[in-house]
Amino acid sequence: MITLSGKKALVTGIANNRSIAWSIAQKLHEAGASLAITYLPDEKGRFESKVRELTAPLAPEIYAPCNVQDDAQIAELFETITRKWGNLDILIHCLAFANRDDLQGPFSQIGREGYSLAMDVSAYSLIALCRAALPLMGPGSSVVTLTYIGGVRVMPGYGVMGSAKAALEANTRYLASDLGSREVRVNAVSAGPIRTLAASAVNIHEAIHKTEAVSPLKRSVTQAEVANAVLFLCSDLASAITGQTLYADCGFSIVGG
Ligand SMILES: NC(=O)c1ccc[n+]([C@@H]2O[C@H](COP(=O)([O-])OP(=O)(O)OC[C@H]3O[C@@H](n4cnc5c(N)ncnc54)[C@H](O)[C@@H]3O)[C@@H](O)[C@H]2O)c1
């Protein structure tokens with residue numbers, strides 16, 4: 001059994017009880033980690049109240065707004081963590097966004113603005129969060145992000161997010177190289193398709209049916225199974241693993257033709 005007792009973990013990307021980040025937060029909590037949870041702020045505070053209500057049983061020690069497009073919010077988040085904890089062992093980057101038209105429309109029609117938006121939220125944000133977290137992260141710390149096979153292969157309805165995930169996976173490798181001398185590890189988990197809020201914008205039903213038909217395990221992955229892979233990468237069991245993309249996809253990625 002993996003234990004993370006005494007470890008402090010920041011989990012981004014919880015929107016509701018289907019979020020992969022919600023399963024990750026539960027696994028980290030079960031393993032004994034203390035939690036800081038962020039939510040995407042909106043005018044009516046709906047996300048905040050939903051996230052607070054959902055995560056209350058995990059007794060997070062920190063709640064903070066964080067729109068990753070806003071440098072001031074990122075700075076404030078890490079000031080709060082510095083004040084309350086003084087250090088950070090685990091950073092979970094579990095978020096993405098793109099305009100629906102840039103996912104489902106013709107790839108050649110993606111405009112500069114939509115491309116930049118997808119890249120900024122879904123790929124650059126990993127660099128921004130790592131930079132802010134770095135002063136708090138000591139040897140043995142771990143960063144994990146979530147990616148999808150659409151960053152490596154063309155998946156229907158994935159469009160600009162394919163470019164963003166390719167960049168995210170490259171960022172994972174370059175950050176791992178940069179932070180390795182501090183013994184901070186950076187990895188990605190490439191999850192198979194799961195019905196979530198973000199996934200409703202892409203062709204997720206088709207992807208799930210295809211995975212059920214052709215993957216070696218003849219099914220798609222669950223949030224909890226993805227979270228188990230993340231938990232492993234956060235633990236000392238993965239102490240020699242960095243810069244990798246680990247597939248938690250019921251084997252879909254090995255299947256050809
Ligand atoms: N669901 C899948 O099939 C699947 C497969 C592989 C990878 N992923 C990845 O997993 C991660 C989590 O997605 P999910 O499927 O759990 O969906 P989700 O909708 O539950 O989570 C996406 C999160 O991104 C957050 N977000 C969007 N824009 C933001 C911003 N500007 N600042 C801060 N947060 C922002 C949302 O608030 C939400 O919490 C994403 O990176 C997604 O690409 C999902």
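Ala 59 sits in the loop between helix H2 (46–55) and strand S3 (62–65); helices (H or I, at least four residues) and strands (E, at least two) are DSSP runs, numbered from the N terminus. Residues are numbered from 1 along each chain as its sequence is written. The model is a predicted one, where local features need pLDDT of at least 70, side-chain atom pairs count only at pLDDT 80 or more, and totals for chains, interfaces and linings use all residues.

Although Ala 59 is not a glycine, its phi is positive, at about 45 degrees. A residue is called buried if 20 or more other C-beta atoms lie within 10 Å of its own, exposed if 12 or fewer, and partly exposed in between, with C-beta atoms placed from the backbone. Ala 59 counts as exposed because it has 9 C-beta neighbours inside 10 Å. Glu 61 is also found in the loop between H2 and S3, and with 13 such neighbours inside 10 Å it counts as partly exposed. Two residues are in contact if their C-beta atoms, placed from the backbone, lie within 7 Å. Setting aside neighbours within four places in sequence, Glu 61 is in contact with Ser 34, Leu 35, Ala 36 and Lys 84. Ala 123 is another matter: 62 residues apart from Glu 61 along the chain, it has its C-alpha atom 27 Å from that of Glu 61.

A positive phi turns up at Cys 250 too, at about 60 degrees, and this residue is not a glycine either. Cys 250 belongs to the segment after strand S7 (245–248). It counts as buried because it has 20 C-beta neighbours inside 10 Å.

Now for the strands. S1 (residues 8–11) is covered on both faces, with Lys 8 and Leu 10 buried on one side and Ala 9 and Val 11 buried on the other. In a regular strand, side chains alternate between the two faces of the sheet. S1 pairs with strand S2 (residues 34–39) in the parallel sense over 4 bridges, where pairing takes at least two bridges found by DSSP between two strands. Leu 10 stands opposite Ala 36 in S2.

Further along, the loop between S1 and H1 holds Gly 13, which is buried because 25 C-beta neighbours lie inside 10 Å. Beyond four places in sequence, Gly 13 is in contact with Ser 19, Ala 21, Cys 94 and Leu 95. Its C-alpha atom is separated by 19 Å from that of Ala 167, 154 residues apart along the chain.

Another loop, between strand S4 (90–93) and helix H4 (100–104), contains Ala 98. With 25 other C-beta atoms within 10 Å, Ala 98 is buried. Among the residues that Ala 98 touches, not counting those up to four places away in sequence, are Leu 103, Gly 114, Val 160 and Ala 164. In strand S6 (residues 185–191) lies Val 186, buried with 27 other C-beta atoms within 10 Å. Leaving aside neighbours within four places in sequence, its contacts include Val 143, Thr 172, Leu 179 and Gly 243. Val 186 and Asn 171 are 15 residues apart in sequence and 9.3 Å apart in space, C-alpha to C-alpha.

What about the nonpolar core? Such a core is a set of buried Ala, Val, Leu, Ile, Met, Phe, Trp, Tyr and Cys residues joined through C-beta atoms within 7 Å. The largest one has 78 residues, of which Val 11, Ile 24, Leu 28, Ile 92, Val 189 and Val 230 touch the most other members. Not counting residues up to four places away in sequence, Ile 24 touches Val 11, Ile 92, Cys 94, Ala 227 and Val 230. In soluble globular proteins, nonpolar side chains tend to be buried together.The ligand has 28 residues around it, and the closest are Ser 19, Leu 95, Thr 196, Leu 197 and Ala 198; a residue is near a molecule if its C-beta atom, placed from the backbone, lies within 6 Å of it. Helix H1 (20–30) and strand S5 (142–147) are the elements that give two or more residues to this shell. By class, the shell has 21 nonpolar, 6 polar and 1 charged residues, where Ala, Val, Leu, Ile, Met, Phe, Trp, Tyr, Cys and Pro count as nonpolar, Asp, Glu, Lys and Arg as charged, and the others, Gly among them, as polar.

Overall, the protein has 8 helices and 7 strands, and 46% of its 257 residues count as buried. Its C-alpha trace spans about 50 × 40 × 35 Å along the principal axes.
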